[in-house]
Amino acid sequence: MQFYSLNKKAPNVSYAEAVVKGLAPDRGLYFPENITPLPTSFFENIEKMDNIDIAYEAIKQFVGDEIPEANLRDILADVLSFEFPVVPITDNIATLELFHGPTMAFKDVGARFMARSLEYFNRNNDGHVTVLVATSGDTGGAVARGFLGVKGVDVVILYPNGAVSDIQERQLTTLGKNIKALRVDGVFDDCQEMVKTAFLDESITSERALTSANSINVARWLPQLFYFLFAYKQTKKLGKDLVFSVPSGNFGNICAGIVANKLGLPVKQFIASVNVNDTVVNYLNTGKYEPKPSKATISNAMDVGNPSNFIRIQQLFDNNFEDLKKNFSSVSFNDEQTREAMKEIKAANGYVADPHGAVGYLGLKDYKLSDNEYGIFLETAHPVKFSDIVEETLNTKVAIPEQIKSVLDKEKVFQSISEYKELKQYLLDETDYKN
Ligand SMILES: *Cc1c(COP(=O)(O)O)cnc(C)c1O
C-alpha cells in the first residue's frame, strides 16, 4: 500500500516510510491511496473470529507486504493482549471500554502498534530515530510505555507543567531507559508548537531522524479502527443499527472508525462528542473551519482547538461537505453538563465513567436513539486517570488498579524547559546521532 500526502506536494511512500517520517516533507498528513472493502463474509463471520484475526484482516492492506504475515500477527497478538468489552449502561446505550491496556488509555493500542512497527523496520540496522511528542496527558504515558526499550528509538516527551494529572506525569517520567521527559513552562499548545518547530528546523533534522508519535502517524492512527470492529463483533446479535459516539480531541479515533465503515462495517451514525473546544461543531454549522486556541476543561485530553485529523475525515468523504454531514455529526458540552452526565450514568447502573466517556454519553443522549438503534460511547480512559474529578463529582473512591500502582512510588525524572532553544539544545545534546 502506498500513502500520499494530503498536501499533494510530496512523493508517495510505503507504509514503512510513512511510519518513519510521521509527516510528509510538504507537512501534509499521509493518507492511504485506496481503501478496499473487506469481503461480506468477514462481517458475516466476525463473531466467530478472534480479535487477532479480525485485526489482521483489517490492517493487512495498509501494511502491505512490508511486514510478513507471521510477524504482523505476532505484533498484533502483543498489541491486543487485553480485553475491549462492551458494557451495557441502559437498555439502548453501552460503553466500549478501551482502557484495559498497560497505561489504561485507549492510546495504548496505537502507541504499541507504532513502536512494534518501528522496531520491525529497524531490525537489521543501527538506524536511530527520535520520537518527539507533545502530550496533554494520556498520549505521553502510552507512548512512553509502548516504546520502552525499543531498539534504535529515543523518545522525548513534552508536557505542560501543572496541566497533567499526577498519575499521568508519573507514567511518563518514571520509566527511564530510552524515555525522556521535558516539562514545559506553558500550556499544551506551547508544547505542540515547539514540537512543530523542531520538525521544521533543519539544524536539527540534518543531525537527527525525528518522527512523531501523535495520531498524525499512520501507525498510531489506523489500528484504532479495530475498536469499532470489536464492538460490532460483540453487539451484532442485537440486530440493531449502531450509533457510535466518540469523545474527540484530535479526531484520530473517530477518523479510524470511519475507515472501518469504509471497510464495510455497518454504522448508522458517527457522533464526534467534544467539550467546549468546538471548532468542528462550528464548521458543520457554518461550513467555515476556524481553528482557535484550546480552552482548558475537565476532559483535558480533548482540549484541542485545531484537530489535526479532521483533514483526513474530510478526505474520507472526498471533501464533499454534504456527504460528510450525512452520517457524521458533532456536538459540544461544557464541564457542568459533563459532571451531570457522570452522575446520571452512576445513577443508571452504578457505572463510574471518566469525564471523556461522559462527554461521549452526552452525545448519544443528544442524538435521541430510535428503537432500532443501539448507542455505544467509547470510554477512552480509566476513571483513575482523572480520579480528582471523578471522586469529587461522584463522591466516591476510585480503587487504584495494579497497572497504576506500579508507577506511584517511583521518582519523577524530567528536565524543565521554557523556550524552544532549550528543546533544540536538548535534542542535539541528549539524543543519539543519526547514522
Ligand atoms: C486522546 C484522548 C481522546 C481524544 O482522542 P482523539 O483521537 O485525539 O480524538 C479522548 N479521550 C482520552 C482519554 C484521550 O486520551
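In what order do the five strands of the open sheet stand? The order is 9-6-7-8-14, with parallel pairing. Strands here are DSSP runs (E, at least two residues), helices are runs of H or I with at least four residues, and both are numbered from the N terminus. Two strands pair if DSSP finds at least two bridges between them.

This is a predicted model, in which local features need pLDDT of at least 70, side-chain atom pairs count only at pLDDT 80 or more, and totals for chains, interfaces and linings use all residues. Residues are numbered from 1 along each chain as its sequence is written, and side-chain values use heavy atoms, with hydrogens and water left out.

Next, select 129-134 and 153-160. Strand 6 and strand 7 run parallel here and are joined by six bridges. Pick V133: its bridge partner in strand 7 is I157.

Now select 188-200 and 420-430. Helix 8 and helix 20 pack at an angle of about 55 degrees, and their axes are 10 Å apart. Axes are lines fitted to C-alpha atoms, for helices over the stretch in contact, and angles run from 0 to 180 degrees between N-to-C directions. Helix 8 and helix 20 are therefore oblique to each other (under 35 degrees is roughly parallel, over 145 roughly antiparallel, 65 to 115 roughly perpendicular, and the rest oblique).

Finally, show the side chains in the contact (heavy atoms within 4.5 Å). Helix 8 contributes M194, V195, T197 and A198, and helix 20 contributes Y420, L423 and L427.
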